[in-house]
Every structure is written in structure tokens, then in C-alpha cells.
Amino acid sequence: MSEPTIFFSEVNEKQGAFTRRAFLMGGLTGAGLLALTGRLIHLQLVEAQRYEKLAQSNQFNFRLVPPPRGLILDRNGVTLASNRPNFRLLVSREANMDVEQTVADLATLVAIDDKKRERLIRDIKRAPKKAPVQVMEDMSWEEFSRINVRAPELAGVTADMGEVRVYPYGGAFAHVIGYVARVNDKDIEAARKAGISPDPLLYNPGFRIGRQGVEKALDVELRGKAGAQKQEVDSQGRVVRQDPGGDIPATPGKEVRLTLDADIQNRALEVMGEESGAIVLMDCRTGDLLCMASTPSFDANRFVKGLSGPEYRALAGYERKPLLDKALYGTYAPGSTFKPTVALAALEAGVDPDTRVVCTGGWFFGNRTFHCWKPGGHGSQSMHEAIKNSCDVYFYQTALKIGPDIIARTARSMGFGQVFDIGIPGQKKGLVPDRAWKKRAFKDPRNQVWFPGESPSYGIGQGALTVNALQLAVMTSRLANGRKALNPRLIKSVGGIDRPHGDAVPDLPFSQEFLDIVRGGMIAVANDPTGGAYRQSQLGLGDILMAGKTGTAQVRSYDKAASRKSASVRWGLKDHNLYIAFAPIDAPRYAMSVLIEHGGLAGATAAAPRAREVMRVALLKDPEIRARIEKPLPMPELDEASLAEGAAPGPAVDGPPPPAAPPTPEPRP
Amino acid sequence: MTLSGGLTRPGERDRLIVKFTEIDWTFCLILCLIAGAGGMMMFSAAESSWMPWAAPHFIRFGVFFVMMIVLAMVDLRVWFAAAYPIYAVALLLLVGVELVGDAAKGAQRWLELGPVRFQPSEVMKVGIVLALARFYHGLSADNARMSWWLLAPLLLIGAPTLLVAHQPDLGTAILIAATGLAIMMLAGLSWRLIGAGVVLGVGAAIPFVMFVLHDYQRQRILTFLDPESDPKGTGYHILQSKIALGAGGLLGKGYGLGSQSQLDFLPEKHTDFMFATLAEEFGFAGCFSILFLYGAIIFMALRTASVSHSHFGRLSAAGVTATFALYVLINGAMVMGLAPVVGVPMPLLSYGGTVMLTVMIGFGLVQSVRVHRYSEVTSGRGALM
């Protein structure tokens, strides 16, 4: 078995060397294992928390959950802006994804034309990895379910249900509420410039922010705060599980309640018909705006979707300017509706209201003749008569007498020449001219003085003077209120917290006596059978009467007075028609202004009947007024004469007889 | 000849039943524990499913375990006689791979012989151990320390190393070379030569990395030096593995609850990074236990080597142990972010038949050395014969 050639010494030497080296190898291996253990201690015991966090950030993703946008309601809780479900199709780019193929696959499921396909491919390729790009929205239920069935095999494709803004009244509140539209790069840039990091919601595909009106002004309040959905994802980013326990709920946007009344607003739009103009109606005790309509309007829902180029051009190019808010942003010469203000200024300046001015249909001053609207003239006029008849000559002369500064001061006290903080942007101040303005506005020193020839025009609300419809309504409110320098209020409450009322303001700087005189003139306009708008101002609500003042503002110089209202004149050259009114005359509750652009008729003809209709709705909705209308007839005094006459209070009118229980106008959706 | 108990009768030790009892059954139990832990983790990584990994793993281990016992019965002299032929066949197969090998993942590693598909480089891992043990068995201690004879083992190591590296399979090449060098060292290589070798090796490594390595290999090494530089690319594996380990903490997340492995953040979770999968679910406690078991295997095998009466037995058992220890240390270091990512699995714990086969053949050899520790292996006629 063994051979004798083995030398023990040799064997022992080899064995000894091996044993020593084997110990060494064992030692080295042991050291290696110890080093690994040390590393394990470092990773698993010392830095465990750090790696635990990293593992969690691998494991969990938070998906942004957009909050529902706050509702916008009218004063009675009618919904003016809400949200509707929106089925959307989203594609997010994943690693080694064939974008063209994906879009081609989608095109077999939903309608995607060639132009859209190109744009989509570009958008998806440009978007950051895993950032979803909206391919379609407002899909039908069929499309939505078709996509959902196929989604698992289409990498990066998801269909979800979002929400999108909807305005149930379409255009009725478009100028006040505005609309929401998609976030664009400029919005994000603007947020960055303002030094705030943009709300992560802005990056959410299809997210929309307020672009106009209330939607813009209260965007942050309406928007709410984003929530997050905790989901477990695998290394490919696919959602493996939802973890509802880790969700952060979204904070819904705050509910905004406006002072507007949907019924009144809708009636205003109805009566305006095709006309271009504005109607503003104010509660003249609180300053709440119950109606602020501008016509023609536009469907805000179209803007939410995104207007096509031709659609936008059609809106922007239409001569009646539907995109312009004529109640706030359009400024006009007030015409004769300015006369009550001039009268008040005259009283302030010490003019005796009984001083009479003789109107012969024209007045020669400087080197020209100032015509009265009534070719034959009004004859001898007191202030009351001059307001009632809207006698131009009276106000030419009075304005010249008192000068521009006191008119301007009075006008400002009544609300002209200023913007009101009603909570939405886009008001124009208009212009109340006076001597100081001339100095500021003109460079040429020769033009910096107030020329006497400017005063007569000022007296009838023409010349440099411009106002907007809201200011007219505020002026009327202040006049009707008689005590407070009311401010208008549009936002009733935000998130249930009331905004300050418009009546927490100082008193008007005018004596009651003066205000009564002016109001008396306006009452006469509408209620004296010889008044300028008598027939058009009968409410037919029994003893609830309306006071008013007509106005016609010329938009150009005329060769002949006759041509101004002619049907042959092009629309854009016709006069503007205005009417201001308040009611009831005994305890004024509502004040309003109506403005018809290029109505081409007298203020009484175009504007007053519309004012009457809107005012009726407002009055009939007011429980106090209704109670007054509907209360049983007062038991007549046991007076033979009155018994014989038959108790029929209220003026004898040729309008409709006062109904016992007038029907409330139905709101139109 | 020995003088112990009833085994003194001539021929008694050659009886099969006696050989069977001589096997180190504790050693075998530990092997089963490690393989069992691996199978259990595969079950977890496959979301509590026997397929596709756990069942094949257990079946393979069972087959290979039986094979290991059978190999343990094989007389050491048979191993001795077969040493050079096995090495020669392995070398031929490597050349064959070079010529007609099947390319998988850009590397030529596989050879198909009829229905069998295998990697000759794995055969070489056993072959190199046997050949070197066979060579040193006949070499005098002086010659093993320092002599021109030592060019022969360098050649024996160099040829397969270069062939495997050319496939390219850097991990296996390093393993073969390191195993061979370890055996040279165990055989009593002079410290001066070891020192010179280290200096030469480091000097050669830099140009080797810069010019010889493939791009992806170089990238792996550069990434290892700065893993955070490219967390989504090459550094991803290292980072995710470290996260899995660290997130395991002291006691782990619990069986089947490792997010890194269950959600596929961990690459190669059932093969090269199986240790990280285990670490995530069983924490430091689990990792330490497994490392302890590996340590036990290595020390028991080394003890087996040291009690052998033949130099061939000593060196072959120690050589196998060196291979195994290198597997464990390299994979451990890689998983823990201490070494670049090279394709070296954790033996028995990781999924993969070839490596398991190699390791179990190796342990069959180790057990054969133990069973036949008293048998005389002739020194033969000269070192190379």
C-alpha cells in the first residue's frame, strides 16, 4: 500500500507548512467574515433608519389628489358654479416606451386625428418621465370603459375620473364669476417670479385656475389644498396596492356666496335680449349687488374647455363686445342720468331750487348754440321741473353758474370717478373732470385752464365725463338711501365667513332737504304723468312705485338732432340709452342702473322698461315688499265719499292692473 | 496506520458502512440549513410560490446532496488518479467554449453536449483544485517554497484563468485564479514570492482595468468606487442592495414583507443578491446567523483538511474550502457595497444549479478526504506524474 520512498522529515515539513498556512487562511477568512459582520452592524444597526426611509421612498408614491373646487352660489344658495365628473385619458412616459405605438393604439380606441396625434407625440416626449399628459377629457362612459379594459396592457395609459368646472347658467354670470382655464407656463412663471414655489396642483394635468372675475380673485380660496393618495409601487412604477390608511385627504375649496340673485340676474339678461349693455341692481340699504349683468355674454363653459381660434376670434371680433364687462369695465358719458348729481351740486352751491330758468329749446353761449333735447323748449323751469323734464338748458346754465369743481366734488361723493372694492378685478374708474384734472391732463398750458364752454356740457353729463354702470347704480343707491355713502358688495361670504357689509360707511355729506329735492325730481320723472319716463316706469305693484331718471348719451357730434335716433344710422353710431331708478319711492329698497349701448332711442324708451321689469322681480322677491303688496286692503274709513268711489289705491294707470298675487318669475336654467 | 478503536482491522475502513459513519454529518446538516434558508427566501421572493425558484432549488439540492455522499465514498486514490485527467478535460472544454460556445448575455460561457447545457468554467473550479493538489503532493517542501518548479502551477492556473476571462466571465476567472493562488500559498509558497506577487499584481491591475476590461466591467468597478454617482444606472444595484440590507434593521421586516425584494427594487433578488433579500426580511439576526453558518462550514472543512494524512487530501480539501470562502466573502462584500458587482453568487443560498453543483462536488471531495483521511496516497513518480 505504501512505498518506502516517503521521508518522514519531508512529509512533516510539508505538513507543518500546510498547517501554519491553513491557520493563516482560517484567520484571514475569519477576519473577512468579521469585516462583513462589521459592515452589517453599520448598515443594519447604525444606519438602519436612513435606509428604512430610502426603502419607503422606493416603496411608496404619493399621488396628488386635486381638491374639489369650491362652489359659487348666489345669495339664496342657487348654484352658479359647480363641478361635474370628467373622464380623462392620461399617458405618462415610461422607460423604453414606444410613444408612437402607444398613441396609435389609443387611436383605435378613441378618436384621435392626425393633427392631434402629432401634438400628443410631441407633448408626451417632451414631458418629464412619469408625468402624465392629458390625451383626452370629457370622454363618454363607453370610451372610458373601453380604455379601462385595455389599460393594463397599454403601458403608461390610465383613465381616471377628474372634475371639471361647470357653469349651469352658461353666460348669465360669466362677467362676474369669470371662468377657469388650463394652467399655462406663464402662470407657473408668475408664481416663481412672485417668490413662491408654485402650488404642485398647477402641474397636475388638466388642472384649471381662475382666469377672470370671482374665479380669479378668489382662486386660492376656491382651489383648496391638494391631498395625496398613498400607493405602493414596484420598481417599474406600477401601482401594486393602495394604502388608504396613508392618504392625506384633500381640503376642498371654500364655498363662495355672492350677493347676486340668480332670478334677478336671469331676468336682466332676458330683458336685454340682443342689446349690448349692462344692468346693475343694488340693495340700497345694505349695498348688496343683486344683479350685475353685462350683455351680450358668452358661455363660460366654452372657456373651461378651451376655445378654438375661430371661436375666440368670433367673440373678440363681434362689435357688441361680449367679452367686455360693460357693468365695470365699460365707461360711458352718463348723459341726463348725471342731472340729479348736478342738481345736488347746485343746491350745495347755494342755488335756490325755485329759481327758474326759461328754456326756449336752445341757449346761445360763447359762439355756439346749446340745444335742448326738446326742440320747442320747456319754458320756465324750476329745479324740480328741470329734473322731471330733463331740461338741458336749465342744467347748461346751472352748471356754468356753479363751475366744474363743485360738480366734481359732488359726483365723487356720489360714487363717480372711483373703483369699489367688490372683490373682483377689472373695474374702470371713468373720469370726473375738474380744474385740477385739466392741469394734470394737458401739456399745453393754454389747454390747462377750464374753459367756460366746457361747463354746460358737464351739466348734462357729456364732455370729458365718463362713468360705469356700477357707479351709476351706487350713485342712485346713495341718493335713494339718503343717508349712507353706501359701498357695493358682491362677495357675501367666503367659506361661511361673511364679508363686511357695504353700509358700514360714513354718512353722505348732503343735507336731507337737498336730497329730498333731487329725489322728488326723480319721482316725478317716473310718476308725474308729464314726467320723462312716466309710462315706462309703472311697476303695476299697487302702491309700490319707482322713481327714475333717463339719460341719452351721444357718442359723436351730430349735424342734426333728428339723425340721432334714426333707424338709418348705423348701430355703432347711435346714442347710448341709460336709466337709473330706485323703488319703492317711500322707503327705497333697491336702486339700479340700466345702460343700453347704441340703443338709438330715448333713455325712457330703451332703458326704462327694462329697468321696470328687473325692478319688479327684485321687489317681488323681497318678502317685506311682497307683504306690502299682498296685504289685505286697509279697511276704508267709514267715509261715505270713499265708499262711493270704491277703494282703489294706487295711481290710475294704463299699464297692467296690479295683480293680487303676482307670479314670481321662474328662474331659467 | 492508525490505532483507534475497532477500526484497526485491515480493510475495516474500506467497508461502505464504516465510510458512511465517517462522514461529518454536522457539516452536512449546516449545508442543509443554508440551502434551506435559500429555498425559503426564494419562496418568499416569488410571492409565496414554489415556482419558479424554490422547488427546483430544493430538488437540485436533494440530488446534489446524494451525489455529495456518493462522492464522499470514492476512494481518495481515485480522486488522485483522476486529478490531471479532470483538469485536462475541463481545459479542453474551455477551449471548446471559446470555439463553439453558446453566447448568453454577451458572454460565451455555456457549452451544449447533447441535452446537457453547462459551464465548463465550473468544472474547472474543481479541476484546478485537484490538479494543484496532485502537483504539490509530489513536490518537496523546499521546491514548493521557491523553485523553478513553481512555473508549472502558474501555468496550470494561468491557462484556465485567461480562457475564462476571455469569455468574458471576470468573476469566475478571479475565483479560479484566487483559488489556485490560495493553494500555492497553502503549499508553503515563500513569503518573498508572495510579496513580489502582490506588488506585481497591483502594478498590473491598473493597466488591466484601463485597457483590457470590457466597458461594462470597467463601469462596474468605477461605479463601485463612487456608487452614488449614477444611482439609476450601474450604481443602482449596489444602492438598492444596501437599502435592502439597511432597511432590514436588527430583526428584519418579517418573512415575505421585504418591500425591496417583493417590489423588484432589488435586482437579481433570487441569485446574486439573495443575501440582501434575506437581510431585508430577517435583519441583522438572520444575516449574522447565515454568516456564522458559513464560517462554521469553512472551519470544519479546514479542520478536515488538516487531519488528512496525505498532502493531496490536505490541499484538495483546503482548496475547495478556499473557493467556498472566496464565494462567500466576494458575494458578501458585493451585496454590502464593499466590492464591485461581479457575478459571484452566495453558494447554496443563491438560486442556480451550476454553482451548487460545483460546490457540492467540492464538498464531496472534502468529505472523501475526511472519510479517507488515514489512507496513504502514494507520492507517485515525480510531481507531474
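Biologist: Which residues in helix 15 of chain B does helix 3 of chain B meet?
Modeller: Bear in mind that this is a predicted model. On the helix 3 side of chain B, the residues involved are B:Arg60, B:Phe61, B:Phe64, B:Phe65, B:Met67, B:Met68, B:Leu71 and B:Ala72. By class, the contact has 14 nonpolar, 4 polar and 1 charged residues. The partners in helix 15 of chain B are B:Gly353, B:Met356, B:Leu357, B:Met360, B:Ile361, B:Phe363, B:Gly364, B:Leu365, B:Gln367, B:Ser368 and B:Val371.

Biologist: Is helix 3 of chain B roughly parallel or roughly antiparallel to helix 15 of chain B?
Modeller: The axes of helix 3 (residues 54-73) and helix 15 (residues 353-371) of chain B come within 7 Å and cross at roughly 30°. Angles under 35 degrees count as roughly parallel. The crossing itself is right-handed. So helix 3 of chain B, relative to helix 15 of chain B, is roughly parallel.

Biologist: What about helix 13 of chain A and helix 15 of chain A: is their crossing left-handed or right-handed?
Modeller: Here the axes of helix 13 (residues 339-348) and helix 15 (residues 392-402) of chain A come within 10 Å, crossing at roughly 45°. That angle makes the pair oblique. A:Lys339, A:Val342, A:Ala345 and A:Ala346 meet A:Phe395, A:Thr398, A:Ala399 and A:Ile402. As for the hand of the crossing between helix 13 and helix 15 of chain A, it's left-handed.

Biologist: Which helix of chain B gives the largest share of the side that touches chain A?
Modeller: The contact takes 43 residues from chain B and 39 residues from chain A. Elements giving two or more residues to the chain B side are helix 8 (170-186), helix 11 (235-248), helix 12 (259-262), helix 13 (274-307) and helix 14 (311-335) of chain B. That side divides into 25 nonpolar, 14 polar and 4 charged residues. The largest share, 11 residues, comes from helix 13 of chain B.

Biologist: How many residues has the largest nonpolar core?
Modeller: A:Val280, A:Leu281, A:Cys291 and A:Met592 have the most contacts inside it. Beyond its neighbours within four places in sequence, A:Met592 is in contact with residues including A:Ile279, A:Ala473, A:Ala611 and A:Met615. Apart from this core lies another, of 123 residues, with B:Phe43, B:Ala165, B:Ile176 and B:Leu263 among them. The count for the largest core is 137 residues.

Biologist: Where does B:Pro52 lie?
Modeller: Have a look at the backbone there: the peptide bond from B:Met51 to B:Pro52 is cis, with omega near 0°. B:Pro52 lies in the loop between helix 2 (25-45) and helix 3 of chain B.

Biologist: And where does A:Pro584 lie?
Modeller: The peptide bond from A:Ala583 to A:Pro584 is cis too, with omega near -15°. A:Pro584 lies in the loop between strand 20 (576-583) and strand 21 (590-597) of chain A.

Biologist: Does B:Leu348 count as buried or exposed?
Modeller: B:Leu348 has a positive phi of about 70° although it isn't a glycine, and is found in the loop between helix 14 and helix 15 of chain B. A residue is buried if 20 or more other C-beta atoms lie within 10 Å of its own. With 32 C-beta neighbours inside 10 Å, B:Leu348 therefore counts as buried.

Definitions and conventions. Residues numbered from 1 in each chain as written. Chains lettered and ligands numbered in written order. Predicted model: local features only at pLDDT ≥ 70, side-chain atom pairs only at ≥ 80, totals over all residues. Axes fitted to C-alpha atoms, helices over the stretch in contact; angles between N-to-C directions. Helix = DSSP H or I, 4+ residues; strand = E, 2+ residues; numbered from the N terminus. Parallel < 35°, antiparallel > 145°, perpendicular 65-115°, else oblique. Left-handed = near helix turned anticlockwise from the far one by under 90°. Contact = placed C-beta atoms within 7 Å. Nonpolar A, V, L, I, M, F, W, Y, C, P; charged D, E, K, R; others polar. Core = buried A, V, L, I, M, F, W, Y, C linked by C-beta atoms within 7 Å. Buried ≥ 20, exposed ≤ 12 C-beta atoms within 10 Å, placed from the backbone.
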